[in-house]
Amino acid sequence: MEQKGFFITGTDTCVGKTTIAAAIAWNMKRKGLDVGVMKPFATADKKYSLKYKSADAGILATVADVSDTYDNINPFFYTLPTAPYTTSFVKRSARVDISRAISCYNKLASRHDRMIVEGIGGILVPLTRNKSLADFARAINLPVLVVARFQIGMINHILLTLSACVDYSLKVKGIILNDLTDWKGQVKQEVLIETIEKVSKVRVVATIPFMENDTPKKVAEALESSRSLCTKKKLVHY
């Protein structure tokens, strides 16, 4: 049986995956759903706090207000901001064990009705020499939401990400466009959205407007009022 929830991936790092993932969890909680969260793989230049090694995992756990153990929420953390495979041999630390990460996911999924799982970087970030984030995403079998920046080059980045998802038989539920720099391009956002949908054959299920302080709560409100999420043919179901 397919677990209900979403796997949140991005076209790149720093596209707003964490805030959007937390916002979706926030909306699920507000609707009375029991939601679990997971950031299986995380890297940073230092630990975030005594309680949360990863800032991303900390944000997700706080918003979802879960009591799950941190080791299940974030089983792999490295203090070097690069791909887990790279940092594991640079730091000579324990390498990612995908089987263990899947086991942690299964424990969380058994306790919650919905799961929000945030990836790291893009979908093909290497976890080991032979396995990427896409391998983990395929194993947990959650529908995928792709987060992309609203900027020049995004169409190419989106299509490359979707192509990789097809290669790994991932079920892409939709695309979320995140305006991080207050788009001032010569082409209107609506035209770009239409282009993306036509060439990718995947719906843009939400657009996040530019915000000075994009907190999970503010982004959750934007998701609820987004043009695509409010259509009669609703593609994103909590």
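View 1. Contact here means heavy atoms within 4.5 Å. This is a predicted model, in which local features need pLDDT of at least 70 and side-chain atom pairs count only at pLDDT 80 or more, while totals for chains, interfaces and linings use all residues. Residues are numbered from 1 along each chain as its sequence is written, and side-chain values use heavy atoms, leaving out hydrogens and water.

View 2. Which residues of α5 are buried? They are I98, A101, C104, Y105, L108 and A109. These residues lie on the same side of α5 because they cover an arc of only 135° around the axis, taken from the directions from the helix axis to the C-beta atoms. Turned away from that buried side is a face with S99 and S110, which are exposed (over 50%).

**View 3. Where α5 meets α6.** Helix α5 (residues 98-111) packs with helix α6 (residues 133-140) at an angle of about 40°, and their axes are 10 Å apart. Axes are lines fitted to C-alpha atoms over the stretch in contact, with angles running from 0 to 180 degrees between N-to-C directions. From α5, I98, A101, I102 and Y105 make the contact, joined by F136, A139 and I140 of α6.

**View 4. The buried side of α9.** In helix α9 (residues 216-225), look for the buried P216, V219, A220, A222 and L223. They sit on the same side of α9 because their arc around the axis is only 160°. Their packing partners are α1 (17-30), α2 (55-64), β7 (172-178) and β8 (204-208).

Definitions and conventions
Helix = DSSP H or I, 4+ residues; strand = E, 2+ residues; numbered from the N terminus. Buried < 20%, exposed > 50% of the residue type's maximum accessible area, 1.4 Å probe, protein only.
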